[in-house]
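These are my notebook entries on what I looked up in one protein structure, written down in the order in which I went through it.

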Amino acid sequence: MQLIIQETAVLRPFKPPFDHDHLLSLSHIDTDRNLLVTLRYLRVYSNTLHQQADPFRVISAALSAALFHYYPFAGTLKRRLPDGRLQLHCRVGDGVPVVSAVVNSPLSSVNYLDDVGVEEKFAEQLVPDPDPDGDSIRPITLQVTRFSCGGFVLGAAVHHAICDGLGATLFFNAMAELARGSDQMTVDPIWERSTLLGPRNPPRVEFPIHEFLSLDKDFFPYEGSGKRVIKDCLSVKEEWLDQLKGLLFKQSGLKFTTFEALGAFIWRARTRASKVPGDEKVTFAYSINIRKIVNPPLPAGYWGNGCVPMYVHLKAAEVAEQPIWRTADSIKKSKHNATNEYLSSFIDFQELHYEKGISGGRRVSGFTDWRHLGHSTVDFGWGGPVAVVPLSRHLLGSAEPCFFLPGKEQRIKVLVQLEEDVVSVFRQEMDELEKGKNGLFFSGSAI
């Protein structure tokens, strides 16, 4: 299947949002070392509404209109001296690159990219892949790829320092509103990064943040082992999850969310498959939305990073051998740390120790839940996307993140990334569950 790139346009705000070059400061959450990555993902749109419009032209016009309000997306991220933090350079006339491409086949020929494990090489062509570590970093680059059926894929490469998933969805929903003919956006964007989420004066760490974060200037969390990492796609029925949660409740008397129960199970399977020595520390990392936890709460239009990382540290032997409910309970209890003081101490810790190299440690398994980020509401006039496909391999200090995604027919799609040499054992862990050992069954595919 051949993809042909037709043009790369630089889209600028439809009218100048400012008349002089200037710098914008990011928050200390934005510049967290674990966020120095580019998130690459796809939104897949079918043409069931039989739209005749050109999606590249529609999206380009909407982007130009939205950029007047979201002009920082057209800037350039650069490191400042001496501490190396990113800051945003905004210059008159800057814009956002948008690639136009076509594929002379229908989306059905790749099953609407429903299983990215099968179509990964092709999917990688549908979104730009900018260098997240260059001297000058574009906050966002887009690609619109049209298929012969009239459907299209919107690929986005968004640097995590500029926003998180909720912030990006706020921007794409604003674009979508304008694309559908609205003359204004429902929510006006608010920057004020360093004001709303800046350090205290003087900075002070009153929450025991050192229990979760370590200092190692020479450690970079995304170096990985050098081994090939592959994707495994799992399709999980909600009724199977209900059975799992019912079993855990019977064992412990505790109620667990899907994220807690399924996350604990996958963490155990991965730890066992990786054969981590029992006395080594392993980490379950996830992020939690603090927009309403911070005092005062962040305004609705705040589109910067509004989530902080949370960590669960256990010995590998505990994760591999103890009942799943105990691991799920550790994840549940970690959520209690999400307080205003945790957030303030996290920010102040970044202020005091940034140059020393802050990380969540080694052996980190990152988990992120994309089911409630509003992806399905981004409608440019073709209806919402039929699939949302993450392509990123780096997240939350983990080189092998796990994504929980919206599924079809009362299912949850789980995208797990694993080193190739542990996949067979990981699947054996799945097989044990498929046999009904814990009342849970999986079906999936991998590459």
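**Entry 1: helices against a sheet.** I began with helix α1, residues 55-67, in this predicted model. Helix α1 lies across β1, β6 (96-103), β7 and β8, and I noted that it runs at about 25° to β1. I then looked up helix α3, residues 165-179, which packs on the sheet as well and touches β3 (38-45), β7 and β8. The direction of α3 makes about 40° with that of β3.

**Entry 2: the sheet itself.** In what order do the strands of this open sheet follow one another? I read the order as β1-β6-β7-β8-β3-β15, six strands with mixed pairing. At the edges I found β1 (3-11) and β15 (387-390), each of which pairs on one side only. From one strand to the next the twist averages 20°. As a reminder to myself, strands of a sheet pair through backbone hydrogen bonds, and they do so either parallel or antiparallel.

I followed two of the pairings in detail. Strand β7 (residues 140-147) and strand β8 (residues 152-159) run antiparallel and are joined by seven bridges; Arg-146 has Phe-152 of β8 as its bridge partner.

**Entry 3: the edge strand β15.** In a regular strand the side chains alternate between the two faces of the sheet. I checked β15 with this in mind and saw Ala-387 and Val-389 pointing one way, while Val-388 and Pro-390 point the other way. All of these residues are buried, although β15 is an edge strand.

**Entry 4: Asn-305.** Is Asn-305 buried or exposed? I located Asn-305 in the loop between β11 (281-289) and β12 (307-315), and its relative accessibility is 1%, so it counts as buried, the cut-off being under 20%. Its side chain has polar atoms, and I looked for what they meet: one of them lies 2.7 Å from the backbone oxygen of His-160, and the side chain also reaches the backbone nitrogen of Asp-164 at 3.4 Å. Leaving aside neighbours within four places in sequence, I found Asn-305 in contact with residues including Ile-29, Leu-35, Cys-163, Arg-193 and Arg-291.

**Entry 5: β16 and its partners.** I counted four of the five residues of β16 (402-406) as buried, so this strand is largely enclosed by the rest of the structure. Strand β14, residues 364-369, pairs with β16 in the parallel sense over three bridges, and Phe-367 stands opposite Cys-402. With β17 (411-419), by contrast, β16 pairs in the antiparallel sense over five bridges, where Leu-405 has Lys-413 as its bridge partner.

The hairpin of β16 and β17 has four residues between the strands, and in it Glu-409 takes a positive phi near 55°. Gln-410, in the loop between these strands, likewise has a positive phi near 55°, though it is a residue other than glycine. Its relative accessibility of 64% is over 50%, so Gln-410 counts as exposed.

**Entry 6: other backbone details.** Leu-113, in the loop between β6 and α2 (120-124), has a positive phi of about 55° although it is not a glycine. Leu-113 counts as buried because its relative accessibility is 0%, whereas Gln-410 is exposed.

Which peptide bonds did I note as cis? The bond from Leu-81 to Pro-82 is cis, with omega near 5°, and Pro-82 sits in the loop between β4 (76-79) and β5 (86-90). The bond from Asn-201 to Pro-202 is cis too, with omega near 0°, and Pro-202 has its place in the loop between α4 (193-196) and β9 (214-215).

**Entry 7: the whole protein.** Among contacts between residues at least 6 apart in sequence, 81% join residues at least 24 apart. The protein exposes about 18,900 Å², of which carbon and sulfur atoms supply 49%.

How values were computed: Residues numbered from 1 in each chain as written. Predicted model: local features only at pLDDT ≥ 70, side-chain atom pairs only at ≥ 80, totals over all residues. Heavy atoms only, no water. Pairing = 2+ DSSP bridges. Helix = DSSP H or I, 4+ residues; strand = E, 2+ residues; numbered from the N terminus. Axes fitted to C-alpha atoms, helices over the stretch in contact; angles between N-to-C directions. Contact = heavy atoms within 4.5 Å. Buried < 20%, exposed > 50% of the residue type's maximum accessible area, 1.4 Å probe, protein only. Polar contact = N/O pair within 3.5 Å; in protein donor to acceptor, adjacent residues only side chain to side chain. Areas by Shrake-Rupley, 256 points an atom, 1.4 Å probe, with all protein chains shown as cover.
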